[in-house]
Amino acid sequence: MNTIKYLYSAKLKVIVSFLIALILFFLLYETINLEQKIEKNMIEISTSDVFSITRNNALEIKRLLGSSDNYVKDIQKNINLQKRIEQRLKLLITSNIKYAYLLYKDKNETFRFLVDASKPDEKALINQKFDVDSQEWFDIFVDKKERFIQHEFLKSLSISFIVPIIKEDSVELVLAIDFSLKKVENINSVIQLMQNAIVVILAILFLFFIVLVIQAFNYHQVKKTAYIDKLTNVYNRNYLHEKEENIQLENYILGVIDIDYFKKVNDTYGHDVGDLVLKKTAAVILNTIRSVNEEDIVIRYGGEEFIVLVKKSAKQKVKNRCRVFNRILKNIEQYKFKISEAEDLSITVSIGINLTPSKYSNFSEAFKVADSALYKVKENGRNNIEIVE
Amino acid sequence: MGILMKNLILIIVLFSLSYADTYTFLVNKYDKEMELESKIIKKIAKISVKQKVVLFIPKITKNEMKFYSKLFTLSNSCEEANFIFVKKNIGNINLCKNKPGKLYFTNNYKKLLNNKDYFGAFFWSKSRPNIVFIKKRLDKMLISLPNTYQQFVEDI
């Protein structure tokens, strides 16, 4: 019985810990997802205006170039035009936008600067080669659509926004702006605040779960102790009161066992021996029923009286199941209660059995019938069994 | 409670580690740049110098030395080196000019254009790594680059 209880308890712990881990895992996963969604949305919200301004600049550059036959050559040749475009691009530079520049792609598929609005120390020369870092730069010449490129590995850059400047359905120039890491860092600082709050909530939840589990196990342990008779290690009357209404009487045979002349044992040998007799009698009952069925229930009803609920079996006939009471009777009769080094004590019990407790309206009524049968045995000389069908 | 705690801690630790980069920048960005730069210079030096590369970086810093010493045999003087990578603003790179067989590389595009001693440059343009070789100087120095490097060659 104890092994089963231990296994049950261990299994329960594993299930509970698994469930808690699953919940925490889910919360963490959702938190990370949420964080990524928020970051994406915040980037979109905080950059949408800049994107619009950049688009307008691309249109303005196109307007400046007017009816030019070759945008690239015209800019290369016209220093005044370069300066005017540079002035426009300089307006885009802010604390968040690090670079703004105009590129073209030569016949060797190499990107080159036409205009760069960077500070003098970082300013690229006209026609200077520019090694791009993503296929997206080439794709813009194919689909002719603006795009933003997120940089994972670049020094101090977070995202780039590139806009095509189209002439006769062909991309001639690309206007590019690079956002500094500062932009994303600002966004991240807001997310960090949210993240900290979520971590605190998760930690509180985690602690709450731990406390809940500890309390649940403690409660389970306390409740278990409250139902067990400390002397005999069988269920006590509290257990019967708690479970009385839930016991399916049709599934059990109800037996009442009373130790014969127990008062005499107490009076003659003292309460210590009395306690020993109770303890050993309960142990014999438990050992006897354990060898038959783990589902049988033993309750110390009070004093020297025990209730034994023997589970009926579909395979065995009721009378066969009654044999367990015969074995209890004989085992106790044969047991030598060692009360000192030199002296053993033999005792007997009387047993009253109600074979069909379900015939009665409740446990109490069914018990009374078994108890009456027990009383009959006592009247007829003890150490026997009386069965009521 | 032992099983419960062990399971929880194990799962949370594994999950958190798998997402560690979401939370923090674990590596110093400056070190990442330096590491990338040293690896690129290693490749360029290897294909440019016919024999074992002995590198000299004028006014080398401790941090540069940390990364470059892992990949190169470093020299304290220009004389003993066969590949000189000029990163700092130094007035005169002609320390070894009279001694042939040395290749000069820079990290500045304008220096590359203005000084014919340099055959190429590695520099950061708009925070992106850029490489430029000058064709005439490669030819003059009898440096032959593999096809994969042709995209960096400029016929200026």
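Me: In what order do the 6 strands of the open sheet of chain A stand?
Reply: This is a predicted model, in which local features need pLDDT of at least 70 and side-chain atom pairs count only at pLDDT 80 or more, while totals for chains, interfaces and linings use all residues. Residues are numbered from 1 along each chain as its sequence is written, and chains are lettered from A, with ligands numbered from 1, in the order in which they are written. Strands (E, at least two residues) and helices (H or I, at least four) are DSSP runs numbered from the N terminus, and two strands pair if DSSP finds at least two bridges between them. With antiparallel pairing, the order in chain A is S3-S2-S1-S6-S5-S4.

Me: Which strands are the edge strands of this sheet in chain A?
Reply: An edge strand here pairs on one side only. In chain A this holds for strand S3 (129-130) and strand S4 (147-150).

Me: Which residue in S3(A) does Arg112(A) stand opposite?
Reply: Strand S2 (residues 111-116) of chain A runs antiparallel to S3(A), and 2 bridges join them. Phe111(A) stands opposite Phe130(A), whereas the residue opposite Arg112(A) is Lys129(A).

Me: Is Leu64(A) buried, exposed or partly exposed?
Reply: Leu64(A) lies in helix H1 (residues 2-65) of chain A. A residue is buried if 20 or more other C-beta atoms, placed from the backbone, lie within 10 Å of its own, exposed if 12 or fewer, and partly exposed in between. Because Leu64(A) has 15 C-beta neighbours inside 10 Å, it counts as partly exposed.
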